[in-house]
Amino acid sequence: MKLVKTLLAASLGALIAASAASAVQAKQITIGFSQIGAESEWRTANTNDVKAAAKAHNINLKFSDAQQKQENQIKAIRTFIAQKVDLIGFVPIVATGWDNVLREAKRAKIPVLVMDRDLTVSDPSLYVAKIGTDSVTEGKKAFEWLDDYVTKNNIKPRNGGDKLNIVILEGTVGASATTGRAKGFNTALKNSPNKDRYKILASQTGDFTRQKGQEVMESFLKSYRNDIDILFAMNDDMALGAIQSIEAAGLKPSKDIIIVSVDGVKGIFQAMKDGKSNVTVECNPLQGDLFFTTAEKILKGESVPKSVFVEEGVYPAEKAAEVLPTRKY
Ligand code: GYE
């Protein structure tokens, strides 16, 4: 009898342990995610991808849109800490100013996984890892494509002078995507054997939006209508806005003014197909799957690389018609 009882107790214990383990396994992961906002076609694609990937990974996603304000992102992160989420993800709108809130997350023992943009913190242990895009390389690819195009096509300054004049539409001030692209572009220009061929005439932020891209290009054209040879727009949306201003000024985008931009959204492929833009350097917004796969590893205690870049290509206008139907964003 005693033996039976012991056996029974033991198997009951095993049963409880087993079901507890499966309960632990089945516990759905909750992740708080703070997105920047919806400033561009790229961002919308990024948000849609994060939401779809969360579903595919069976994650309980608490999604928060900061409407372009760092303070809203900080508030959202604090809310996630209070809610005791399993992991916090966020896209830093600007690179600095995160130390305090990330220290609070660390104290609460909630791991932080950064997506898309880079950040600068005083202590690297304030976040576990970052997945995203390589903006310095994007800027470099943009200049290198341009330099090659100008050389092959023997492009001359429109005003008969000896310099090809470049105007730049920068992204959000303080964002890593802006500083990185500027650094990549300017360094490649400085290192080019043809560097004396170019002059940067003007450079101003268009905040990564179509509307500001249009407005700033309009003001560039007011000052330098007959001098601008090249536009480097740090994203496609600003290039699309600028195309409107170029046409309104009676000039031909892609012919009178060569247009180089970054992202690779459908809108710019359509514009290239229509002969209105020259090239886009891809910046891949489809980072959701990698994000949640990495998050799951972190929560299992596995080690992950501190920084992972997603893959990106370069698409000139002559490929636009062929590539457009295959674009996912
Ligand atoms: O290029 C731009 C967006 O951070 C890489 O942000 C991203 C940039 C992207 O608004 O369109």
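The shell around the ligand divides into four nonpolar, two polar and six charged residues. The model behind this report is predicted.

**Who lines the site**

The ligand is surrounded by E39, S40, W42, R43, D116, R117, A177, R181, F208, N235, D263 and C283. Domain 1 (28-132 + 285-310) gives at least three residues to this shell. Domain 2 (135-283) also gives at least three.

The table lists each distance.

| Residue | Side-chain atom | Ligand atom | Distance |
|---|---|---|---|
| S40 | polar atom | oxygen | 3.0 Å |
| R43 | polar atom | oxygen | 3.0 Å |
| N235 | N or O atom | oxygen | 2.8 Å |

**Cover and cavity**

How much of the ligand's accessible area does the protein cover? On its own, the ligand has 300 Å² of accessible area, and the protein covers 100% of that. The ligand takes up the space of the largest cavity. Two elements give two or more residues to the shell around the ligand: α2 (41-56) and α6 (176-191).

**In brief**

Six of the shell residues are charged. S40, R43 and N235 each have a side-chain atom at the stated distance from a ligand oxygen. The protein covers 100% of the ligand's accessible area.

Methods
Residues are numbered from 1 along each chain as its sequence is written. This is a predicted model: local features need pLDDT of at least 70, side-chain atom pairs count only at pLDDT 80 or more; totals for chains, interfaces and linings use all residues. Side-chain values use heavy atoms; hydrogens and water are left out. A residue is near a molecule or strand if one of its heavy atoms lies within 4 Å of it. A polar contact is a pair of N or O atoms within 3.5 Å; within protein, one must be able to donate a hydrogen and the other to accept it, and residues adjacent in sequence count only if both atoms are side-chain atoms. Accessible areas come from the Shrake-Rupley method with a 1.4 Å probe; for residues, only the protein chains shown count as cover. On a 1 Å grid over the protein atoms alone, a cavity is a set of points where a 1.4 Å probe fits but cannot get out, and a pocket is an open set with protein on both sides within 12 Å along at least five of seven lines; lining residues have an atom within 4 Å of a point. A molecule sits in a cavity or pocket if more than half of its atoms lie within 2 Å of its grid points. Helices (H or I, at least four residues) and strands (E, at least two) are DSSP runs, numbered from the N terminus. Ala, Val, Leu, Ile, Met, Phe, Trp, Tyr, Cys and Pro count as nonpolar, Asp, Glu, Lys and Arg as charged, and the others, Gly among them, as polar. Domain bounds come from an automatic or database domain assignment.
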